[in-house]
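Biologist: Hi! Could you walk me through this model, starting with how its pieces pack together?

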Amino acid sequence: MFYTARELAREHDVELLVIDQEPIDESAVEALRSEFEAIHLFTYPHYKFYFNTLPGLISSKPLQTHYYRFDEVDAWLDDHAHRYDLLHCNHVRTTEYAFGQSPPVTADLVDAISRTYREASKDATGFWRAIYPVEWRRLREYERSVADSFDHSFIITEADRDFVTGRQSFPSLSVLPNGVKPDLVGRGSSEFRTAPNDPRIVFLGKMDYFPNEDAALYFIEEVFPTIRSKYPTAEFQVVGTDPSDRVASADARPGVTVTGFVDDPAEYLDRADIVVAPMRHGAGLQNKVLEAMALGRPVVATPLAREGINALDGKHIVISDNATEFASAIDQLLSDTDKRHAIGTAARTLVEQRYIWPQIGSELRDRISATLDNHAGTE
């Protein structure tokens, strides 16, 4: 969100309307004030976001659209929307505010949440086993209505676009990938340890998010034992904030480290011999993969984790589709320093050419400018 807003601010005066949970880090707010024209901040206790979803249990609209919905924010927009030339919504959770507003409206759906929920419904348990099958269908209809009603919308991969649109023509919904910070490209170490006997394998993600939790546990239970049988001192580091109870308990397993929150995840990626992305659920483009590639680290990933990234198997990344293939690919890379170096170097070059924010920002600004021009032409 920050980099999207900053790229827009290169050519436009950007004000941020922020809805967040208390308590707020005031230093973060001040950092935003230094970048943008104004910050309009609405903060609420954590529980109010959950209370907001209760009407969604009997609504035809998805729970996601209720979660961030506050009357105070609605009233503020009704009073101030006329001051703006364009409203840009980030995530489907904020789009409900923009329906019926008079300036042109664009939205970044990010990924197809409906697709993520559909996949999650296959392995969900408890409360979510009942919610996901209903919610993903509501979400897809709602995402489609946003794409159909707003002046322009963005989504992160072709696969997500096809899922939302049913492969129908939606000219106002275009694909815009994520970017990585340019300084990551120059930061990565060019050194690779020769045939390490104590390999470091890293997975990065927010660890209370079901697709990340599933991926980490799948690797720990199905892949890592094979690696440890050949490399008894191998270490698998699960890096990321808010590990679920199931992930946190895996820290007790031999060779597994669950870090929880870290100040600089890139440090762990940069020290990895191999970065893995064993995603079996989810949608969108995996920033964890792009960031590892930007640092020049070789990545072993499932086909789902490579989705939306124009990386060639065996050149920029290694694709594996089951636990046996995953373990074999890691073993081959660990025993071939030149191959690890070649894949890491090619990956970094690809990110530098296609997936850093200046390139993504240029595409974003072109679409926003076209939307403004189209609106001006109809007045």
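Modeller: Happy to! When I say two parts are in contact, I mean that they have heavy atoms within 4.5 Å. Helices (H or I, at least four residues) and strands (E, at least two) are DSSP runs, numbered from the N terminus. This is a predicted model, where local features need pLDDT of at least 70, side-chain atom pairs count only at pLDDT 80 or more, and totals for chains, interfaces and linings use all residues. Residues are numbered from 1 along each chain as its sequence is written, and side-chain values use heavy atoms, with hydrogens and water left out.

Biologist: Got it. Which residues of α13 meet α16?

Modeller: From α13 there are Leu-290, Met-293 and Ala-294, and on the α16 side they meet Gly-344, Ala-347, Arg-348, Leu-350 and Val-351. Sorted by class, this contact has six nonpolar, one polar and one charged residues. (Ala, Val, Leu, Ile, Met, Phe, Trp, Tyr, Cys and Pro count as nonpolar, Asp, Glu, Lys and Arg as charged, and the others, Gly among them, as polar.)

Biologist: And at what angle do α13 and α16 pack?

Modeller: Helix α13, residues 287-294, packs against α16 at an angle of about 110°, and their axes are 7 Å apart. That makes α13 roughly perpendicular to α16. (Axes are lines fitted to C-alpha atoms, for helices over the stretch in contact, with angles from 0 to 180 degrees between N-to-C directions; 65 to 115 degrees counts as roughly perpendicular, under 35 as roughly parallel, over 145 as roughly antiparallel and the rest as oblique.)

Biologist: What about α15 and α16, how do they cross?

Modeller: The axes of α15 (residues 323-334) and α16 (residues 337-354) come within 6 Å and cross at roughly 105°. α15 and α16 are therefore roughly perpendicular to each other. On the α15 side, Gln-332, Leu-333 and Leu-334 make the contact, and α16 brings Thr-337, Lys-339, Arg-340 and Ile-343. By class, the α15 and α16 contact has three nonpolar, two polar and two charged residues.

Biologist: Let's switch to sheets. What is the strand order in the six-strand one?

Modeller: That open sheet runs β9-β8-β7-β10-β11-β12, with parallel pairing (two strands pair if DSSP finds at least two bridges between them). β9 (256-260) and β12 (318-319) stand at the edges with a single partner strand each, so one side of each has no neighbour in the sheet.

Biologist: How many bridges join β7 to β8?

Modeller: Five bridges join β7 (residues 200-204) to β8 (residues 235-239), and the two run parallel. Val-202 stands opposite Gln-237 in β8. Helix α10, residues 210-230, packs on this sheet and touches β7, β8, β9 and β10 (274-277), its direction making about 175° with that of β8.

Biologist: And the four-strand sheet, what is its order?

Modeller: The order there is β3-β4-β5-β6, an open sheet with parallel pairing. β3 and β6 (173-175) are at the edges, each with a single partner strand, so one side of each is left without a neighbour in the sheet. Neighbouring strands are turned by 20° against each other on average, direction ignored. Our friend α8 packs on this sheet, touching β5 (152-155) and β6, and its direction makes about 160° with that of β6.

Biologist: Last topic: how many salt bridges does the structure hold?

Modeller: It holds 21, where a salt bridge is a side-chain nitrogen of Lys or Arg within 4 Å of a carboxyl oxygen of Asp or Glu. One of them joins Arg-83 and Glu-15, whose closest N and O atoms are 3.6 Å apart. Arg-83 lies in the loop between α5 (71-80) and β3 (87-90) and Glu-15 in strand β1, so the pair ties together parts that are 68 residues apart in sequence.

Biologist: Which strand does β1 join?

Modeller: Seven bridges join β1 (residues 15-21) to β2 (residues 38-44), and these strands run parallel. Gln-21, for instance, has Tyr-44 in β2 as its bridge partner.
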